[in-house]
Amino acid sequence: MKIQYIDVHAHMNEEIFDKDRDKILKECEEKGIFIINCSGEPKGNKNSLKLLKYKNVNLCLGIYPIQAAEMIDVEFFKELKFIEENKKSIIGLGEVGLDFYWIKDEAKRQLEIERFKEIIWFANKNRLPLNVHSRNAEKETIAILSKMAHVPVVLHAFGGDVELAKMGAAEGFYFSIAPIIVRSKKHQRLVEALPIQNILTETDSPYLGPSRERNDPRNISLVIEKIAEIKEMETEEVRKQILKNVGGVFSIKLKN
Ligand SMILES: [Zn+2]
(Lines give C-alpha, C1' and ligand atoms only; values in the text may rest on other atoms or scores of the structure.)
Protein backbone atom coordinates (compact mmCIF):
# COMPACT_ATOMS: atom_id res chain seq x y z
CA MET A 1 0.00 0.00 0.00
CA LYS A 2 1.26 3.44 -0.90
CA ILE A 3 0.45 5.78 1.97
CA GLN A 4 -1.14 9.08 0.87
CA TYR A 5 -2.63 10.23 4.16
CA ILE A 6 -2.11 9.40 7.81
CA ASP A 7 -4.87 9.75 10.37
CA VAL A 8 -2.85 9.79 13.60
CA HIS A 9 -5.83 9.57 15.95
CA ALA A 10 -9.04 7.61 15.33
CA HIS A 11 -11.22 5.23 17.35
CA MET A 12 -12.24 2.61 14.80
CA ASN A 13 -12.60 0.03 17.57
CA GLU A 14 -15.77 1.76 18.80
CA GLU A 15 -19.10 -0.02 18.55
CA ILE A 16 -20.57 2.59 16.25
CA PHE A 17 -18.39 1.09 13.47
CA ASP A 18 -19.38 -2.54 14.07
CA LYS A 19 -21.69 -2.68 11.04
CA ASP A 20 -19.40 -1.16 8.42
CA ARG A 21 -15.87 -1.09 9.83
CA ASP A 22 -14.63 -3.55 7.18
CA LYS A 23 -16.05 -1.50 4.35
CA ILE A 24 -14.67 1.80 5.66
CA LEU A 25 -11.18 0.44 6.32
CA LYS A 26 -11.07 -1.28 2.94
CA GLU A 27 -12.02 1.97 1.22
CA CYS A 28 -9.35 3.76 3.25
CA GLU A 29 -6.78 1.22 2.08
CA GLU A 30 -7.77 1.84 -1.54
CA LYS A 31 -7.38 5.58 -1.01
CA GLY A 32 -4.00 5.21 0.69
CA ILE A 33 -5.32 6.31 4.10
CA PHE A 34 -3.30 4.86 6.97
CA ILE A 35 -4.80 4.95 10.46
CA ILE A 36 -3.27 5.07 13.92
CA ASN A 37 -6.04 3.83 16.17
CA CYS A 38 -6.24 5.06 19.77
CA SER A 39 -8.11 3.55 22.68
CA GLY A 40 -8.25 4.41 26.35
CA GLU A 41 -9.97 1.87 28.54
CA PRO A 42 -9.51 -1.87 29.23
CA LYS A 43 -12.26 -3.14 26.92
CA GLY A 44 -11.29 -0.77 24.11
CA ASN A 45 -7.62 -1.66 24.41
CA LYS A 46 -8.42 -5.35 24.21
CA ASN A 47 -10.76 -4.91 21.23
CA SER A 48 -8.34 -2.65 19.39
CA LEU A 49 -5.84 -5.47 19.07
CA LYS A 50 -8.28 -7.08 16.62
CA LEU A 51 -7.73 -4.14 14.26
CA LEU A 52 -4.18 -5.33 13.66
CA LYS A 53 -5.52 -7.61 10.93
CA TYR A 54 -6.05 -4.55 8.72
CA LYS A 55 -3.09 -3.63 6.56
CA ASN A 56 -3.61 0.09 7.02
CA VAL A 57 -3.98 0.20 10.80
CA ASN A 58 -1.36 0.61 13.53
CA LEU A 59 -2.19 1.00 17.21
CA CYS A 60 -1.72 3.19 20.21
CA LEU A 61 -3.09 1.86 23.49
CA GLY A 62 -3.69 4.08 26.48
CA ILE A 63 -5.63 5.03 29.57
CA TYR A 64 -8.00 7.90 28.91
CA PRO A 65 -7.75 10.69 31.52
CA ILE A 66 -11.35 10.36 32.69
CA GLN A 67 -10.84 6.62 33.24
CA ALA A 68 -7.48 7.26 34.89
CA ALA A 69 -9.17 9.57 37.39
CA GLU A 70 -11.79 6.96 38.27
CA MET A 71 -9.69 3.79 38.47
CA ILE A 72 -8.38 2.38 41.71
CA ASP A 73 -4.62 1.71 41.86
CA VAL A 74 -4.92 -1.99 41.10
CA GLU A 75 -6.98 -1.36 37.95
CA PHE A 76 -4.70 1.38 36.70
CA PHE A 77 -1.49 -0.58 37.10
CA LYS A 78 -3.09 -3.74 35.74
CA GLU A 79 -3.95 -1.83 32.56
CA LEU A 80 -0.44 -0.38 32.28
CA LYS A 81 0.86 -3.92 32.58
CA PHE A 82 -1.51 -5.05 29.81
CA ILE A 83 -0.14 -2.30 27.59
CA GLU A 84 3.43 -3.29 28.39
CA GLU A 85 2.66 -6.92 27.54
CA ASN A 86 1.41 -5.76 24.14
CA LYS A 87 4.29 -3.38 23.55
CA LYS A 88 5.34 -5.13 20.36
CA SER A 89 1.90 -4.56 18.83
CA ILE A 90 1.82 -0.79 19.33
CA ILE A 91 3.64 2.27 18.03
CA GLY A 92 2.65 4.73 20.77
CA LEU A 93 0.59 5.47 23.86
CA GLY A 94 -2.85 7.01 23.51
CA GLU A 95 -5.27 8.17 24.25
CA VAL A 96 -3.70 9.59 27.40
CA GLY A 97 -3.58 13.06 28.96
CA LEU A 98 -5.60 15.36 31.16
CA ASP A 99 -9.26 16.35 31.13
CA PHE A 100 -10.50 19.10 33.42
CA TYR A 101 -13.70 19.57 31.42
CA TRP A 102 -15.39 16.42 32.71
CA ILE A 103 -13.33 16.03 35.88
CA LYS A 104 -14.00 19.00 38.15
CA ASP A 105 -13.29 17.52 41.56
CA GLU A 106 -9.91 18.77 42.80
CA ALA A 107 -8.79 15.47 44.35
CA LYS A 108 -9.64 13.60 41.16
CA ARG A 109 -7.78 16.17 39.08
CA GLN A 110 -4.72 15.59 41.25
CA LEU A 111 -5.04 11.85 40.71
CA GLU A 112 -5.34 12.43 36.95
CA ILE A 113 -2.11 14.45 37.02
CA GLU A 114 -0.31 11.82 39.05
CA ARG A 115 -1.37 9.08 36.64
CA PHE A 116 -0.52 11.13 33.58
CA LYS A 117 3.00 11.50 35.01
CA GLU A 118 3.11 7.75 35.58
CA ILE A 119 2.17 7.22 31.91
CA ILE A 120 4.84 9.66 30.68
CA TRP A 121 7.43 7.84 32.75
CA PHE A 122 6.22 4.57 31.19
CA ALA A 123 6.45 6.15 27.70
CA ASN A 124 10.01 7.29 28.34
CA LYS A 125 11.00 3.88 29.63
CA ASN A 126 9.49 2.07 26.66
CA ARG A 127 10.38 4.76 24.10
CA LEU A 128 6.79 5.19 22.96
CA PRO A 129 5.48 8.50 21.58
CA LEU A 130 2.48 10.06 23.33
CA ASN A 131 -0.91 10.74 21.71
CA VAL A 132 -2.34 13.31 24.12
CA HIS A 133 -5.76 14.67 25.08
CA SER A 134 -5.77 17.97 27.02
CA ARG A 135 -9.32 19.28 27.26
CA ASN A 136 -9.54 22.38 29.49
CA ALA A 137 -6.16 21.41 30.95
CA GLU A 138 -3.95 22.57 28.10
CA LYS A 139 -1.66 24.68 30.25
CA GLU A 140 -1.04 21.92 32.79
CA THR A 141 -0.58 19.32 30.03
CA ILE A 142 2.07 21.37 28.23
CA ALA A 143 3.88 22.20 31.47
CA ILE A 144 4.07 18.56 32.55
CA LEU A 145 5.08 17.27 29.11
CA SER A 146 7.77 19.95 28.73
CA LYS A 147 9.27 18.90 32.01
CA MET A 148 8.97 15.13 31.75
CA ALA A 149 8.53 13.75 28.23
CA HIS A 150 11.63 12.44 26.47
CA VAL A 151 9.62 10.99 23.59
CA PRO A 152 7.73 12.70 20.72
CA VAL A 153 4.42 14.28 21.72
CA VAL A 154 1.22 14.76 19.70
CA LEU A 155 -1.39 17.08 21.14
CA HIS A 156 -4.66 15.96 19.63
CA ALA A 157 -7.66 18.30 19.12
CA PHE A 158 -5.87 21.05 21.00
CA GLY A 159 -8.33 23.57 22.42
CA GLY A 160 -5.90 25.91 24.14
CA ASP A 161 -5.10 29.41 22.95
CA VAL A 162 -2.61 30.26 20.25
CA GLU A 163 0.11 31.48 22.63
CA LEU A 164 0.05 28.21 24.51
CA ALA A 165 0.18 26.25 21.25
CA LYS A 166 3.23 28.23 20.19
CA MET A 167 4.93 27.33 23.47
CA GLY A 168 4.18 23.69 22.74
CA ALA A 169 5.54 23.98 19.22
CA ALA A 170 8.73 25.56 20.62
CA GLU A 171 9.11 22.42 22.74
CA GLY A 172 8.89 20.37 19.53
CA PHE A 173 5.38 19.08 20.14
CA TYR A 174 3.10 18.23 17.23
CA PHE A 175 -0.55 19.22 16.90
CA SER A 176 -2.99 16.98 15.08
CA ILE A 177 -5.87 18.68 13.29
CA ALA A 178 -9.28 17.04 12.77
CA PRO A 179 -11.99 17.59 10.10
CA ILE A 180 -13.89 19.81 12.54
CA ILE A 181 -11.49 22.48 11.25
CA VAL A 182 -13.89 23.13 8.36
CA ARG A 183 -16.42 24.54 10.86
CA SER A 184 -14.23 25.63 13.79
CA LYS A 185 -12.58 29.06 13.81
CA LYS A 186 -10.55 27.98 16.83
CA HIS A 187 -8.87 25.16 14.92
CA GLN A 188 -8.36 27.42 11.92
CA ARG A 189 -6.55 29.97 14.08
CA LEU A 190 -4.40 27.19 15.51
CA VAL A 191 -3.26 26.15 12.03
CA GLU A 192 -2.64 29.76 11.11
CA ALA A 193 -0.37 30.22 14.13
CA LEU A 194 1.60 26.96 14.03
CA PRO A 195 4.54 26.18 11.75
CA ILE A 196 3.53 23.58 9.13
CA GLN A 197 6.36 21.38 10.46
CA ASN A 198 4.44 20.92 13.73
CA ILE A 199 1.12 19.95 12.17
CA LEU A 200 -0.31 16.44 11.76
CA THR A 201 -3.72 15.20 10.57
CA GLU A 202 -6.27 13.13 12.46
CA THR A 203 -10.00 12.47 12.40
CA ASP A 204 -10.75 11.41 16.00
CA SER A 205 -13.45 9.27 14.34
CA PRO A 206 -16.30 8.91 15.19
CA TYR A 207 -15.98 12.41 16.74
CA LEU A 208 -14.87 15.85 15.46
CA GLY A 209 -16.21 15.49 11.92
CA PRO A 210 -16.87 18.14 9.29
CA SER A 211 -20.54 17.97 10.36
CA ARG A 212 -22.23 16.59 13.47
CA GLU A 213 -22.67 13.20 11.79
CA ARG A 214 -20.47 10.20 12.53
CA ASN A 215 -16.96 10.96 11.35
CA ASP A 216 -14.62 8.42 9.71
CA PRO A 217 -11.05 8.47 8.36
CA ARG A 218 -12.20 8.97 4.76
CA ASN A 219 -12.62 12.64 5.74
CA ILE A 220 -8.87 13.09 6.24
CA SER A 221 -8.39 14.80 2.85
CA LEU A 222 -10.70 17.62 3.99
CA VAL A 223 -8.17 18.47 6.67
CA ILE A 224 -5.33 18.66 4.17
CA GLU A 225 -7.39 20.90 1.90
CA LYS A 226 -8.30 23.28 4.71
CA ILE A 227 -4.70 23.50 5.95
CA ALA A 228 -3.55 24.25 2.39
CA GLU A 229 -6.13 27.01 2.11
CA ILE A 230 -5.13 28.61 5.43
CA LYS A 231 -1.39 28.30 4.82
CA GLU A 232 -1.74 29.34 1.17
CA MET A 233 0.13 26.24 0.07
CA GLU A 234 -0.51 23.62 -2.61
CA THR A 235 -2.60 20.70 -1.34
CA GLU A 236 0.03 18.26 -2.57
CA GLU A 237 2.78 20.14 -0.79
CA VAL A 238 0.81 20.01 2.49
CA ARG A 239 0.06 16.31 2.05
CA LYS A 240 3.73 15.47 1.59
CA GLN A 241 4.87 17.70 4.45
CA ILE A 242 2.40 16.06 6.84
CA LEU A 243 3.66 12.59 5.89
CA LYS A 244 7.16 13.79 6.60
CA ASN A 245 6.06 15.22 9.96
CA VAL A 246 4.49 11.90 10.97
CA GLY A 247 7.89 10.30 10.44
CA GLY A 248 9.28 12.51 13.19
CA VAL A 249 6.85 10.99 15.69
CA PHE A 250 5.79 7.46 14.83
CA SER A 251 7.62 4.50 13.33
CA ILE A 252 4.81 3.18 11.16
CA LYS A 253 4.76 -0.60 10.83
CA LEU A 254 3.91 -1.59 7.29
CA LYS A 255 2.39 -5.01 6.68
CA ASN A 256 2.45 -7.15 3.56
ZN1 LIG B 1 -9.78 10.71 20.74
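1. Let's start with burial: 45% of the 256 residues of the protein chain count as buried. Here a residue is buried if 20 or more other C-beta atoms, placed from the backbone, lie within 10 Å of its own, exposed if 12 or fewer do, and partly exposed in between. Keep in mind that this is a predicted model, where local features need pLDDT of at least 70, side-chain atom pairs count only at pLDDT 80 or more, and totals for chains, interfaces and linings use all residues. Residues are numbered from 1 along each chain as its sequence is written.

2. On overall make-up, the protein chain has 10 helices and eight strands. These are DSSP runs numbered from the N terminus, with helices (H or I) of at least four residues and strands (E) of at least two. The radius of gyration, taken over C-alpha atoms, is 17 Å, close to the 18 Å that the globule rule gives for 256 residues, so the chain is as compact as a globular protein of that length. The rule itself is 2.2 Å times the number of residues to the power 0.38. Along the principal axes, the C-alpha atoms fill a box of roughly 50 × 40 × 35 Å.

3. Now the contacts, meaning pairs of residues whose C-beta atoms, placed from the backbone, lie within 7 Å. Among those in the protein chain with a separation of 6 or more, 70% come from residues 24 or more positions apart.

4. Have a look at H8 (residues 185–193) and H9 (residues 220–231), which pack at an angle of about 60° with axes 9 Å apart. Axes are lines fitted to C-alpha atoms, for helices over the stretch in contact, and angles run from 0 to 180 degrees between N-to-C directions. The two helices are therefore oblique to each other; that word covers what is left once angles under 35 degrees are called roughly parallel, over 145 roughly antiparallel and 65 to 115 roughly perpendicular. Gln188, Val191 and Glu192 of H8 make the contact with Ile227, Ile230 and Lys231 of H9. That contact splits into three nonpolar, one polar and two charged residues, where Ala, Val, Leu, Ile, Met, Phe, Trp, Tyr, Cys and Pro are nonpolar, Asp, Glu, Lys and Arg charged, and the others, Gly among them, polar.

5. Another helix pair is H5 (residues 106–126) and H6 (residues 138–148), with an angle of about 35° and axes 11 Å apart. Their crossing is right-handed. Ile113, Phe116, Lys117 and Ile120 in H5 meet Glu140, Ile144, Leu145 and Met148 in H6, a contact with six nonpolar, no polar and two charged residues.

6. Check the cis peptide bonds too. One joins glycine 94 and glutamate 95, with omega about 20°, and glutamate 95 is in strand E4 (residues 92–97). Another joins serine 205 and proline 206, with omega about 10°; proline 206 lies in the loop between strand E8 (199–201) and H9.

7. The loop between E8 and H9 also holds leucine 208, whose phi is positive, near 45°, in a residue other than glycine. Leucine 208 counts as buried, with 21 C-beta neighbours inside 10 Å. Alanine 157 has a positive phi of about 45° as well, although it is not a glycine. Its place is the loop between strand E6 (153–156) and helix H7 (162–170), and with 21 C-beta neighbours inside 10 Å alanine 157 is buried.

Notes. Two residues are in contact if their C-beta atoms, placed from the backbone, lie within 7 Å. A crossing is left-handed if the near helix is turned anticlockwise from the far one by less than a right angle, and right-handed if clockwise.
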